[in-house]
Amino acid sequence: AKTDAAINRVFALLQEWDKGNKNTRARILDEFIANNQGKTAPELELEFAQAASLFLTRLTAWIRLTYMLGTCVNQQLQAIQIFLSAPSGHKYLGEFLEVGGVLTVLEILGLKQAKEVDKAEALKLLQTICNAGRKYKELICESYGIRAVAECLARSKSEETQEQCRQLLQMLAQGNPKYEVQVYKGLIALLPASSPKAQQMAAQTLRIVQQIVAEANPNIVEPLLGLLRTLHLEVQYEAIELIKDLMSYEVQTLILKRLVELLKATLDDTVRRPQILEDTDVEK
C-alpha cells in the first residue's frame, strides 16, 4: 500500500509538471531543491518511487528549450546539480550527458543575456562533471569548453563568476594530459584581457598549470611582461611571482632580455625633455 501511494504521488507530481505553466514548474523546482539537497542516489530513488530519472529527463528537456529565454535557469541548474552530485548517482550523470547536457551548459556561459548568477551555477555544474573523472574532463574539452570558460572569465563583470571560471580551468588542466597544454595556452591568451581581475586570475592559475605542462611556451613572455605596466598592484604581484617561477625554465634568457629592453625604454621616457622646452617659438 505504501509503495502504491508513493507511485501515485510521484506520477501526480510528474503530471502536474507536464501540464503546469512556468509558475507551477518554478514552485516544483523550489520544493525539490529545498527538500533534496545532499541526498544520495538511493535516497532520491526512494523519494521518487524508483523513478527519479523521469524527473531528471523532464529537467534536461525543459532547460534545453528555455535556457536562451532565461526561464528559471538558475533553479533548473540547481535541481540538476542535486542529481549529478548525488553519491552513487553515476547513472544520472550518464543520462545528462547522453542528451547533450554539457553543450547546453557551455552555451549558457556564452549568452550575452544570461545572468551572472546563472553562469556561476552553470560553472559549478561543470565542476561537478569534472570531478567524475578524466574522461569527463576530456568530454568538456572536446566540446570547446576551454574556450567557452576562458571567454566567460575575460568578459564577466562578476568576481564570483570569474572565480568559478578560474577553478574550472585549473581542474581541466589537472589530471587531464590530453588537454593540459590547451588549457595552458588558453590562460596565456587571457593575460592581455581588458579585465584586471581576469589578468590576475590567469597569472595566478598559470603558476599552477606551468608546473603541470613542464615546458614554458615562449609566447607567454610578451603578454606577461605587459602586466608589469598595469596600475593594479594585485596584477603586478601575480605577474612578478610568475616571472620568478619562469626563471627555472628555458625562457629565462628571453625574459631577462625583454626586461632590460623595458627598463631602457622606461629610462628614455624619464629623461626625455618635455616637448615645450624644445619649442624655439615660445617667448622667453
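This is a predicted model: local features need pLDDT of at least 70, side-chain atom pairs count only at pLDDT 80 or more; totals for chains, interfaces and linings use all residues.

Which residue's charged end sits over the ring of W62? I found R25 there, 5.1 Å from the ring centre (a charge sits over a ring if NZ of Lys or CZ of Arg is within 6 Å of the ring centre and within 35 degrees of the ring normal).

Residues are numbered from 1 along each chain as its sequence is written, and side-chain values use heavy atoms, with hydrogens and water left out.

Next I looked up aromatic pairs, and the whole structure has eight (rings of Phe, Tyr and Trp, the last by its six-membered ring, pair if their centres lie within 6.5 Å; planes under 30 degrees apart are stacked, over 60 edge-to-face, the rest tilted). W17 and F55 have ring centres 5.6 Å apart and planes at 85°, so I logged them as edge-to-face. This pair links distant parts of the chain, with W17 in helix α1 (residues 2-19) and F55 in helix α4 (residues 52-66), 38 residues apart (helices are DSSP runs of H or I, at least four residues, numbered from the N terminus). W17 and W62 are also edge-to-face, because their centres are 5.4 Å apart and their planes at 85°. W62 is in helix α4, 45 residues from W17 in helix α1. Both W17 and W62 are buried (under 20% relative accessible area, 1.4 Å probe, protein chains only), and F55 is buried too. I traced a cluster through ring pairs: W17, F32, F48, F55, W62, F83 and Y92.

Note on methods:
Helices (H or I, at least four residues) and strands (E, at least two) are DSSP runs, numbered from the N terminus. Buried means under 20% relative accessible area, exposed over 50%, partly exposed in between (1.4 Å probe, protein chains only).
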